[in-house]
Amino acid sequence: MSPRREHRLVFLLNVAQRRLQRWMAARSPHGGVTAAQSGLLFVLGQRDGALMGEAGAALDLGPPGISGLVDRMTAANLIERRADPDDGRAWRLWLTPAGRAAMAQSKAGLAEVNARLTDGFTDAEIDVVARWLATMQSRFPKGEDE
């Protein structure tokens, strides 16, 4: 039996993430939305009116991260923040018409990114990669108490 190959997975993940972010940023039209903003648009596209904390959890963002993202997207008129009618301390997030248009553009761009990411790999190989990446969420929980 031969020794297991060292793949330098942490290094490869970090480099891939940085290069993908740079590639996406370079192709984003001037005034277009960022990857993080697209993520929130997609969350609200599935569940318009979501609580701010729920949206943050869906994006793996803590309170400061989701708060800053919401502030920027509200200023850009992509979303609205409204007080929860049942809990005055909570905020709900709603897409604006501009946010819906930006979401449609982001979905179109996402198809190109996914095609580029999966080019040269079989569906079975992509399934393994997706399963491996998804396990990172349970193997490395975001909080010490999890």
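**Exercise 1. Which backbone nitrogen does the side chain of D84 reach?**

Before we start, a word on the model: it is predicted, so local features need pLDDT of at least 70 and side-chain atom pairs count only at pLDDT 80 or more, while totals for chains, interfaces and linings use all residues. Residues are numbered from 1 along each chain as its sequence is written, and side-chain values use heavy atoms, with hydrogens and water left out.

*Solution.* 
- Step 1: find D84 in the loop between β2 (79-83) and β3 (91-95). Helices (H or I, at least four residues) and strands (E, at least two) are DSSP runs, numbered from the N terminus.
- Step 2: follow the side chain of D84 to the backbone nitrogen of D87, at 3.0 Å. This is a polar contact: a pair of N or O atoms within 3.5 Å, where, within protein, one must be able to donate a hydrogen and the other to accept it, and residues adjacent in sequence count only if both atoms are side-chain atoms.
- Step 3: look further along the chain. Apart from neighbours within four places in sequence, D84 is in contact (heavy atoms within 4.5 Å) with L51, A90, W91 and R92.

**Exercise 2. Decide whether D84, T135, L13 and R72 are buried, partly exposed or exposed.**

*Solution.* 
- Step 1: recall the cut-offs. Buried means under 20% relative accessible area, exposed over 50%, and partly exposed in between (1.4 Å probe, protein chains only).
- Step 2: D84 has 7% relative accessibility, so it is buried.
- Step 3: T135, in helix α6, has a relative accessible area of 18% and is therefore buried. A polar atom of the T135 side chain lies 2.6 Å from the backbone oxygen of W132.
- Step 4: L13 belongs to helix α1; with 35%, L13 is partly exposed.
- Step 5: R72 sits in helix α4 (residues 63-75) and is partly exposed at 48%. Between R72 and Q37 there are 8.8 Å in space, C-alpha to C-alpha, although they are 35 residues apart in sequence.

**Exercise 3. Work out the order of the strands in the sheet.**

*Solution.* 
- Step 1: list the elements. The protein has six helices and three strands, and from the N terminus they run α-α-β-α-α-β-β-α-α.
- Step 2: place the strands. They form an open sheet in the order β1-β3-β2, with antiparallel pairing; two strands pair if DSSP finds at least two bridges between them.
- Step 3: check the edges. β1 (50-51) and β2 each have a single partner strand, so one side of each has no neighbour in the sheet.
- Step 4: inspect one pair. β2 and β3 are joined by five bridges, and R82 has R92 in β3 as its bridge partner.

**Exercise 4. Find which residues make the nonpolar surface patch.**

*Solution.* 
- Step 1: name the members. L9, F11, L12, L13, V129, W132 and L133 make a patch of about 580 Å², with areas from the Shrake-Rupley method with a 1.4 Å probe, where for residues only the protein chains shown count as cover.
- Step 2: α1 (9-27) and α6 (123-139) each give at least two residues, and α1 has the largest share, four residues.

Terms used: Patches are made of residues with over 30% relative accessible area and no salt bridge: like charges are joined within 9 Å, nonpolar side chains (Val, Leu, Ile, Met, Phe, Trp, Tyr) within 5 Å. A salt bridge is a side-chain nitrogen of Lys or Arg within 4 Å of a carboxyl oxygen of Asp or Glu.
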